[in-house]
Amino acid sequence: MESPLRYTLFEDLDELRTRLRSLTSGRRAIWVTESNCADHCLDRIGIASAGIVLPPGEEAKTAEQLIRLWSGLTDLGATRGDLMIAIGGGALLDVAGLSAATYKRGMGLVYVPTTLLADVDASIGGKTAIDFEGVKNGVGTFYTPEEVLIAPAFLSTLPELELLSGWGEILKYSMLTGFSVDEDLWGTAEVAPSLIRRCIDYKIEVVASDPLDKGGRRQFLNLGHTLGHALEALHLSKGEPVPHGIAVAAGLVMEGYLSLRRDRLPQEDLMRLARVVRDHFSPVSVLCTEYEQIHTLARQDKKLRSTEEGVPVVMLDRIGKPAPAELFTPKELDEAIDFYRDFMQI
Ligand SMILES: NC(=O)c1ccc[n+]([C@@H]2O[C@H](COP(=O)([O-])OP(=O)(O)OC[C@H]3O[C@@H](n4cnc5c(N)ncnc54)[C@H](O)[C@@H]3O)[C@@H](O)[C@H]2O)c1
C-alpha cells in the first residue's frame, strides 16, 4: 500500500512557488484547474495559464468533465512520467485525481488545495470521484498524490459561504477528536495553521489504519456524511447546490441525535453541537422537508454498506469519541430530521 500522504503547509506563496519550481524542474508539468481558481489563484503562484481549465466547483465533478480531462491530456501528449498539478477546491481535486489515476493507468499527481475544506479534508486521503446519476461521488477510486502543497494564503479570495463550508469539516474533526474552537472564529478566514494540522494529522492517522475504507476506523470520517451527502445531493437535484460542509454541519446534528437515541451521546454534547450549528452555520437553510428522497439518497451513500434493515450512521459516544456505524430505519431518520428542523426552527 502506498504511504497515505506527504503534505507541506506553506506560510506564504513564495515558499509554495519555490517548491513548485523544484518539483517541475526536469519533469513536465500539466497544470489543471477550474475557472474561479484560474482567475484568483494562478497568477499568485506565477503561472500564466493552465493546460486544462474546468468549470467551477461541483460542475467539474461530472463524467463529461472527466472525459474532457482525458481528452485534454491526450491532446497535450501527456505521459505517465508527467506531473499533473491540480489546483482548486475539493471538487476539482476529486475529478483531477480520478483522471490522473486512470489516464494511462496512473500519472504523477500533486494537489494544491485552494479552499479551506480542501486544506483540512478533501486533499488528504486519496479518494477521487465524480458524481454520477444524482449520487455524490458515485464513481471513483483511491489514488494518492505524490504531495499535497497547502497554502492557506489562497483563502483570502474565497467567498464567505465557502469558508463556512470548510468550517463544517473542521466541526466534524472537533466532534471526532474533542478539540474546541473559539466561538468568534467560526466561519472566518483566521484559521490557525495548527488547527489545519490537527484535522489533517487525525485524517492521516485513520486513513493509514484503514486505507481502502474497509470498515475500520476510516469510517469515522463519515460522521455527519450519511445524511450530509443526502442533503447535498437533494440540493443538487433541485439545481440549488449547497456547499458540502454546510450540508455536513446539518448532517452532524441529525446524526448526533441518532447517537443520543441509542443512548450513546449525552444530551449536553448534542446541545453543544446543535448550538454551534444554529449559531454559525444557519445563513443557508438546508432543504430537509423531502423525507422520502432523503431516505433514498442516504441509502445510496456508498461509504458504508446499507442493508434491508437500515441506513448506517457513524456513532458518537461523546464529543471526541466516535464509534462504528449502526443501522437506522427510515422512521428513526425522520425523527432525526424533525429534531434538526425543530431546533433550527425551519
Ligand atoms: N476526496 C475527499 O476525501 C473529499 C473530502 C471532502 C470533500 N470532498 C469533496 O470536495 C468537494 C467540496 O470541496 P470544496 O468545499 O473545496 O468546494 P469546491 O471545490 O466546489 O469550491 C467551492 C467554490 O470556491 C471556488 N474557489 C475555490 N478556490 C477559490 C479561491 N481560492 N478563491 C475564490 N474562489 C475559490 C470554486 O470555484 C467553487 O465555486 C465536494 O465535491 C466533496 O464531495 C472530497
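**View 1. Helix H11 and its buried residues.** Welcome to helix H11, where Tyr291, Ile294, His295, Leu297 and Ala298 are buried. Buried means under 20% relative accessible area, exposed means over 50%, and partly exposed lies in between (1.4 Å probe, protein chains only). Helices (H or I, at least four residues) and strands (E, at least two) are DSSP runs, numbered from the N terminus.

A word on the model before we go on. This is a predicted model, in which local features need pLDDT of at least 70 and side-chain atom pairs count only at pLDDT 80 or more, while totals for chains, interfaces and linings use all residues. Residues are numbered from 1 along each chain as its sequence is written, and side-chain values use heavy atoms, with hydrogens and water left out.

View 2. How buried is histidine 295? Its relative accessible area is 10%, so histidine 295 counts as buried. Setting aside residues up to four places away in sequence, histidine 295 touches Pro330, Leu333 and Asp334. With aspartate 334 there is also a polar contact, side chain to side chain, of 2.6 Å. A polar contact is a pair of N or O atoms within 3.5 Å; within protein, one must be able to donate a hydrogen and the other to accept it, and residues adjacent in sequence count only if both atoms are side-chain atoms. Look for leucine 231 too: 64 residues separate it from histidine 295 in sequence, and their C-alpha atoms are 10.0 Å apart in space.

**View 3. The shell around the ligand.** Now let us visit the ligand, which is surrounded by 30 residues; the closest are Glu34, Glu58, Gly90, Thr115 and Thr157. A residue counts as near if one of its heavy atoms lies within 4 Å of the molecule. Which elements each supply at least two residues of this shell? They are helix H2 (35–40), helix H4 (90–102), helix H5 (116–122), strand S7 (135–142) and helix H6 (160–177). By type, the shell divides into 10 nonpolar, 10 polar and 10 charged residues. In this grouping Ala, Val, Leu, Ile, Met, Phe, Trp, Tyr, Cys and Pro are nonpolar, Asp, Glu, Lys and Arg are charged, and the others, Gly among them, are polar.

View 4. A backbone N or O atom of glycine 90 lies 2.7 Å from an oxygen atom of the ligand, and a backbone N or O atom of alanine 91 lies 3.0 Å from a ligand oxygen atom. Taken alone, the ligand exposes 870 Å², and the protein buries 91% of that. Accessible areas come from the Shrake-Rupley method with a 1.4 Å probe; for residues, only the protein chains shown count as cover.

View 5. Find threonine 157 in the loop between strand S8 (147–150) and H6. Is threonine 157 buried, exposed or partly exposed? Its relative accessible area is 33%, so threonine 157 is partly exposed. Leaving aside neighbours within four places in sequence, threonine 157 is in contact with His40 and Arg44. A polar atom of its side chain also lies 3.4 Å from the backbone oxygen of phenylalanine 154.

**View 6. Aspartate 82 in its loop.** This residue lies in the loop between helix H3 (63–75) and strand S4 (83–88). Aspartate 82 is buried because its relative accessibility is 7%. The side chains of aspartate 82 and arginine 28 are joined by a polar contact of 3.3 Å. Beyond four places in sequence, the residues that aspartate 82 touches include Arg27, Ile30 and Met107.

**View 7. Two residues with positive phi.** Most residues other than glycine have a negative phi. Aspartate 213, not a glycine, has a positive phi of about 55 degrees. Aspartate 213 sits in the loop between helix H7 (193–209) and H8, and with 13% relative accessibility it counts as buried. Glutamine 345 has a positive phi near 55 degrees and lies in the segment after H12. Its relative accessible area is 73%, so glutamine 345 is exposed.

Technical notes: Contact means heavy atoms within 4.5 Å.
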